[in-house]
Amino acid sequence: MPTPATMHPFTFTRKLSASNKTPRQINRNLVFNLIRTRQPVSRADLARISGLQRSTISLIVEDLIKERWVLDGATGKLPRGRHPTFLELNHQRAVIALDIHPAQTTIAVTDLGGRIVAQNVVALTDDPNKAIGQIVTAIRKVIATHSDKSFDGIGISLPGRADPQHQRAIFAPNLNWPVQSIQSRIHRATGLRVEMDNVANACALSEVWFGDSDGLEDLVVVNVSEGIGTGIFSNGRLLRGANGMAGEFGHIEMVHDGLPCGCGGRGCWETVASNSAGLRYYQEISGKRPPASFAALLKMAQNDDRFAVEALDRMSLHLGRGLRMIVSALAPNEIVIVGDITSAWHLFGPRIEEELRRNAIGKAPRLRPSFDGNTSRLRSAVALVMNQGLA
């Protein structure tokens, strides 16, 4: 199979028009994405759906099989004529996903269709250099455990902004790590291609790759975790801005002279609407120690604990208010929320949307949770590794 150096990536936008006059690479992207989203699918169905001639489909499919992106699967039965052979992705090809948080990192194996094959959480030491060593050791163990897989690369979702070209940190106030060494150390230890990006940017790509978005309409992904980050997908590409700093809405002041923020400011959006804020609200409202984790707070709310419900309602109110700021600035077609809060969307989604629509200027965008909930950050690693042309 092709090595990472010779691998031909794909673009993600789904609604590509195809014809015999379009470049071969566009047709290849289209056929691969049709197989990925509709598998198992026959060659005849690909020709019918894409509008390409069967001979063109056959040539592209044979190339994808030769490169081991795609495999021939089961044979179908028809009343007459040749029995079709159904195509599917090669599930032996995989990507290693890293979802980095300050105190822990989740490491997962995902196939090219985004299915999470295995995952485990690594608790990290407070020493940043030792923490990276722990991650490297865990990755090596994952590779050894899944020796039957062929890994195309490693995708890292990072809670901060980094320059992918120069491997240096730009802005990561919640992560006290030497970000610039993560990518190079993991590459040296594994020999695999390592792609790293801000978690919200990665999740924006993931929404186009796996989710409901077609890649043509503007969308904003808001990642709600220890802090708040946003990824902006516009005109078929990620919007990065000067020095990669586009989308730092989490560090816009929402409360004058409010609580200190990791960025050095006060009263930023993430100080009032992040997971950390939700835990703080619980302590303020109940007078009790906060739960050990945000997941525990969510479980308490789902079990009708009134203090937990009130804390998360307050967090949701501030989250919705901040979304109004995004709508006024960018007017996206869609806003997608990523993070633990999505697991209780039936409880708090309406509150967030109510606040978003309050005094709205113009048409409010569609608001929804990420289609794959808490696994979006892991699935985004596939998008980072496979992406071509959208970033």
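How many of the residues of helix α12 (residues 376-386) are buried? I checked, and the helix is mostly covered: eleven of its eleven residues are buried. Buried here means under 20% relative accessible area, with exposed over 50% and partly exposed in between (1.4 Å probe, protein chains only). Among the buried residues of α12 I found Arg377, Leu378, Arg379 and Met386.

**Ground rules**

I noted that this is a predicted model, where local features need pLDDT of at least 70, side-chain atom pairs count only at pLDDT 80 or more, and totals for chains, interfaces and linings use all residues. Residues are numbered from 1 along each chain as its sequence is written, and side-chain values use heavy atoms, with hydrogens and water left out.

**Overview**

I looked up the secondary structure and got twelve helices and 15 strands. Helices (H or I, at least four residues) and strands (E, at least two) are DSSP runs, numbered from the N terminus. Of the 391 residues in the protein, 53% are buried. Then I looked at contacts, meaning heavy atoms within 4.5 Å. Taking contacts between residues at least 6 apart in sequence, 63% join residues at least 24 apart.

**Helices α10 and α11**

Helix α10 (residues 306-330) packs on helix α11 (residues 345-357) at about 40 degrees, with the axes 7 Å apart. Axes are lines fitted to C-alpha atoms, for helices over the stretch in contact, and angles run from 0 to 180 degrees between N-to-C directions.

Which residues meet here? On the α10 side I spotted Val309, Leu312 and Arg324, among others, and on the α11 side the list includes Phe348, Ile352 and Leu356. The residues of this contact divide into nine nonpolar, two polar and five charged.

**Strands**

Next I traced an open sheet of five strands, in the order β13-β12-β11-β14-β15, with mixed pairing. Two strands pair if DSSP finds at least two bridges between them. The edge strands are β13 (237-238) and β15 (366-369), each pairing on one side only. Strand β14 (residues 334-339) runs parallel to β15, and four bridges join them. One bridge I looked up takes Glu334 to Arg366 in β15. Helix α11 lies across β14 and β15, at about 155 degrees to β15.

I also checked β5 (residues 104-111) and β6 (residues 116-123), which pair in the antiparallel sense over seven bridges. Ile107 has Asn120 in β6 as its bridge partner. The hairpin of β5 and β6 has four residues between the strands, and Gly114 there takes a positive phi near 90 degrees.

**Aromatic rings**

Rings of Phe, Tyr and Trp (its six-membered ring) pair if their centres lie within 6.5 Å; planes under 30 degrees apart count as stacked, over 60 as edge-to-face and the rest as tilted. By that rule I counted one aromatic pair. The rings of Phe32 and Trp69 have centres 6.0 Å apart and planes at 75 degrees, so the pair is edge-to-face. Phe32 sits in helix α1 (residues 24-38) and Trp69 in the loop between α3 (54-66) and β2 (70-75), so the pair ties together parts 37 residues apart in sequence. Phe32 and Trp69 are both buried.

Conventions
Nonpolar A, V, L, I, M, F, W, Y, C, P; charged D, E, K, R; others polar.
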